[in-house]
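Hello,

Here is the structure I said I would pass on. My notes follow below it.

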Amino acid sequence: MKPSVILYKSLPDDLRARLDAHFSVTEIKDLSPESQQQHAAALAQAEGLIGSGGKVDGELLAKMPKLRACSTVSVGYDNFDVEALNQRHVLLMHTPTVLTETVADTMMALVLSSARRVTELDAWVKAGQWNKSIGPDKFGIDVHHKTLGILGMGRIGMALAQRAHFGFGMKVLYNARREHEEAQSRFGAQRCDLETLLKESDFVCISLPLTEQTHHLIGAEQLKLMKPSAILINAGRGPVVDEEALIAALKEGTIHAAGLDVFEQEPLTESPLFSLPNVVALPHIGSATHETRYGMAQDAVDNLIAALTGKVEKNCVNPDILK
Ligand code: DGY
């Protein structure tokens, strides 16, 4: 008999067929309490869980006594209580490699659009306001040859450094727990402490996961260290930045602008950020291209197959539970 799995995100037809070939699949809308109640019997039988969005915590695990593996269609896994999974010996699989270049592209898009006011001026032109040559009130600031500081020099940080260095002739600073020799030798990136990075960067780019240590890492105090001409870019996780402090800093001119792909609350339909012209706000599109989302779904399906057939070689968050 095929192992039962719960799918909580729709998949392209061919990948759904691959999942069906290995497992008996119950597709549910999401992991909301209503959905959990509606599918209680299927949850109780499931050995695998695959999807993205929605909390996987001790409460849900208690409803899934047979669960052996979770596979998230994302690199980030802050929605999962890893401690609770470890206690239950449930494997957690994720998709850390396939989205790297695409998320770095998104970060560069935020750098360019916030510096050159692309979205703001696009809206201005489309509103029929361009009736004479523009003046300095519509000018932006240069990106090329400026200093770009990266918080979190993982795969995505490296891909961003590559773009900044080779594409835009930028000086790259980074703050990370460890030295990255490759970042230094390939992109001339210099490691520095957080304070130095904040003080010296023209663009402070956050590519960090959300953990207890990174929660509100950037607050009022840190924003004050940035140059008044600097731009904050966040494509990691919203709660790494204290959003209330950011709104105040943007209103008061403590910093020049922000390019945000992530927010403290997502999705977001109302925010004081929306009325600020110096904010570019995107709906968490970091990895959202057709090619990359397909690749992530493909990896997630393969990850679940590997986890439930005892063939885990990569993409596992908690491989130590196998020891
Ligand atoms: C992830 O995979 O964690 C990204 O945030 C998705 O864009």
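This is a predicted model: local features need pLDDT of at least 70, side-chain atom pairs count only at pLDDT 80 or more; totals for chains, interfaces and linings use all residues.

Of the 16 residues in α6, 12 are buried, so the helix is largely enclosed by the rest of the structure. The buried ones are T100, T102, V103, A104, T106, M107, M108, L110, V111, S113, S114 and A115.

T100 lies in α6, which covers residues 100-115. T100 counts as buried because its relative accessible area is 8%, and the cut-off for buried is under 20%. Apart from its neighbours within four places in sequence, T100 is in contact with R155, I156 and A159. Just after α6, R117 takes a positive phi of about 55 degrees.

The structure holds 1 cavity of 30 Å³ or more. The largest cavity contains about 30 Å³ of space. Its lining is made up of N234, G238, V241, E243, L246, L260 and V262. By type, those lining residues are 4 nonpolar, 2 polar and 1 charged.

Last, the annotation. An unreviewed UniProt entry lists residues 5-318 as "domain: D-isomer specific 2-hydroxyacid dehydrogenase catalytic". Over residues 5-318, the chain is 39% helix and 14% strand.

Regards

Definitions and conventions. Residues are numbered from 1 along each chain as its sequence is written. Side-chain values use heavy atoms; hydrogens and water are left out. UniProt positions are given in the numbering used here, feature names are shortened, and annotations may be inferred rather than shown by experiment. Helices (H or I, at least four residues) and strands (E, at least two) are DSSP runs, numbered from the N terminus. On a 1 Å grid over the protein atoms alone, a cavity is a set of points where a 1.4 Å probe fits but cannot get out, and a pocket is an open set with protein on both sides within 12 Å along at least five of seven lines; lining residues have an atom within 4 Å of a point. Grid points are joined across faces, edges and corners, and a volume is the space filled by probe spheres set on the points. Ala, Val, Leu, Ile, Met, Phe, Trp, Tyr, Cys and Pro count as nonpolar, Asp, Glu, Lys and Arg as charged, and the others, Gly among them, as polar. Buried means under 20% relative accessible area, exposed over 50%, partly exposed in between (1.4 Å probe, protein chains only). Contact means heavy atoms within 4.5 Å.
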